[in-house]
Amino acid sequence: MAPKLITLLCLGFCLNQKICTHVGAQDEFSLSAWPSPRVPLGGRVTLSCRSRLQFVMFTIFQTTGSQIRKSYTGLSNHVTINPVTPGHAGTYRCAGIYKHTSKQSAGSKSLKIIVTGLFTKPSISAHPSSLVHTGARVSLRCRSPLAFDEFVLYKEEHTQHSQQLDEGMEAGSHYVQAVFSMGPITPAHAGTYRCCGSFNHSPYEWSAPSDPLDIVITGKYKKPSLSTQVDPMMRLGQKLNFFCSSEISFDRYHLFRDGVAHGQWLSGGQSHSGASQAHFSVGPATPVPGGTYRCYGSFNDSPYEWSAPSDPLHLCKTLRVLLCHSWNPPLNLTPPWQTQSPWKATGWMKG
């Protein structure tokens, strides 16, 4: 038979059966987990096996160590596991039986199902700060009093496994930690990070995730300005008001004290000068919340990219609120040398 005729007959058979693949190519299977392959203990997860071919039956396999067992076989291409137990942790694959034959397909790529929450969560921190300029470097530290064999840092579906662990003592307590170095920082690094700990004998069983840590890129927009109104007769327990203003109409403003987030507010509209403004109330507190304050602006469509920081505003930690920022006194602040009895009448303290 002529080669061209053979080719046409084979092509027609393949189109009729709808199972034609490239010569030597494996069936294009994919196994996915919703909402995530990391599942909290007692939670639920749906495994979906998908292929461009038509199958009459699907099978999902679980691999734990050297053991392989069928987790599900049926007409549906997905299965929901609820509630999730430690026994569900492991590696999964899926396959199918062709609709027009009894032949089983090749398996999909493996999918790791991680069960979290089996141990106490570690802590996560950023050094020198979680607010980073483009091109700078930052280290994320994951720490726990439990002697984990490994820490895992993840952002969305991107994970990093610890290469080396350090041990130490702090406040009389022993800890183990891993340090993840990042940089030079680009906008792709921005986002929310968490970390977990695990042991070698159960690599698919992790601790509860740490509290979230946001890595934010600063300096994308022009800096706002920060001001406050301080009454020299202010008493302990009263609130201290800050105003963060900008010519740019930011959607959100963020107030930080000594590098730590102190509040976040939506834009409060237009100030008397035509700039957008946010109002922060700090307190009541005893003693007065002194320190160095800065504010930032951001937009809702890029929540991890902020403006440059405002100029710092320094507050002294005294019994009465004093601005330590020289040559830039706040509104309504009367210097002590203009009062009749500065130390007695206003509460200003020597030194």
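Colleague: Leaving aside neighbours within four places in sequence, which residues is Tyr92 in contact with?

Modeller: Keep in mind that this is a predicted model. Leaving aside neighbours within four places in sequence, Tyr92 is in contact with Leu31, Leu47, Ile60, Phe61, Gln62, Ser71, Ile81, Lys109, Ser110, Leu111 and Ile113.

Colleague: And which residues of the largest nonpolar core touch the most other members?

Modeller: Tyr92 is one of them, along with Leu31, Val45, Leu47, Ile60 and Ile113. That core has 22 residues.

Colleague: Which strands each supply at least two residues of this core?

Modeller: β1, β3, β4 (55–64), β6, β7 (90–98) and β8 (111–116) each do.

Colleague: What does the second, separate core include?

Modeller: Val132, Phe148, Leu153 and Tyr193 are among its 21 residues.

Colleague: Sheets next. What is the strand order in the open sheet of 3 strands?

Modeller: The order is β1-β3-β6, and the pairing is antiparallel. β1 (29–34) and β6 (78–81) are the edge strands, each pairing on one side only. From one strand to the next, the twist averages 15°.

Colleague: How many bridges pair β1 with β3?

Modeller: 6 bridges, with β3 spanning residues 45–51. Ser32 has Ser48 in β3 as its bridge partner.

Colleague: Where does Ser76 lie?

Modeller: Ser76 is in the loop between β5 (67–74) and β6. Its side chain reaches the backbone oxygen of His78 at 3.2 Å.

Colleague: What separation do you get between the C-alpha atoms of Ser76 and Val56?

Modeller: 8.8 Å, for two residues that are 20 residues apart along the chain.

Colleague: Why do you class Ser76 as partly exposed?

Modeller: Its relative accessible area is 27%. Buried needs under 20% and exposed needs over 50%, so Ser76 falls in between.

Colleague: How many bridges does β14 make with β15?

Modeller: 6 bridges, in the antiparallel sense, with β14 covering residues 165–170. Met169 has His174 in β15 as its bridge partner.

Colleague: How many residues sit between β14 and β15 in their hairpin?

Modeller: 2 residues. Ala171 in that turn has a positive phi of about 55°.

Colleague: Sulfurs now. How many disulfides does a search of the whole structure find?

Modeller: It finds 3. In one of them, Cys49 and Cys94 have their sulfur atoms 2.1 Å apart. That pair links distant parts of the chain, 45 residues apart, with Cys49 in strand β3 and Cys94 in strand β7.

Colleague: Are Cys49 and Cys94 buried or exposed?

Modeller: Cys49 is buried, and so is Cys94.

Colleague: Why is the disulfide of Cys49 and Cys94 called right-handed?

Modeller: Because the torsion about its S-S bond is about 75°.

Colleague: What does the disulfide from Cys142 join to?

Modeller: A disulfide joins Cys142 to Cys195, S to S 1.9 Å. With 85° about the S-S bond, this link of Cys142 and Cys195 is right-handed. Cys142 lies in strand β11 and Cys195 in strand β16 (residues 191–199), so the pair ties together parts 53 residues apart in sequence. Cys142 is buried, with a relative accessible area of 1%. Cys195 is buried too, at 0%.

Colleague: What about Cys244, which residue does its disulfide join?

Modeller: Cys295, with S to S 2.0 Å. The torsion about the S-S bond of Cys244 and Cys295 is about 75°, so this disulfide is right-handed. Cys244 is in strand β20 (residues 240–246) and Cys295 in strand β24 (residues 291–299), 51 residues apart. Cys244 is buried with a relative accessible area of 0%, and Cys295 is buried, also with 0%.

Colleague: Last one. Why is the sulfur of Cys196 too far for a bond?

Modeller: The closest cysteine sulfur, in Cys195, is 6.7 Å away. A disulfide needs the sulfur atoms within 2.5 Å. Cys196 is buried, with a relative accessible area of 0%.

Key. Residues numbered from 1 in each chain as written. Predicted model: local features only at pLDDT ≥ 70, side-chain atom pairs only at ≥ 80, totals over all residues. Heavy atoms only, no water. Pairing = 2+ DSSP bridges. Helix = DSSP H or I, 4+ residues; strand = E, 2+ residues; numbered from the N terminus. Axes fitted to C-alpha atoms, helices over the stretch in contact; angles between N-to-C directions. Buried < 20%, exposed > 50% of the residue type's maximum accessible area, 1.4 Å probe, protein only. Polar contact = N/O pair within 3.5 Å; in protein donor to acceptor, adjacent residues only side chain to side chain. Core = buried A, V, L, I, M, F, W, Y, C linked by side-chain atoms within 4.5 Å. Contact = heavy atoms within 4.5 Å.
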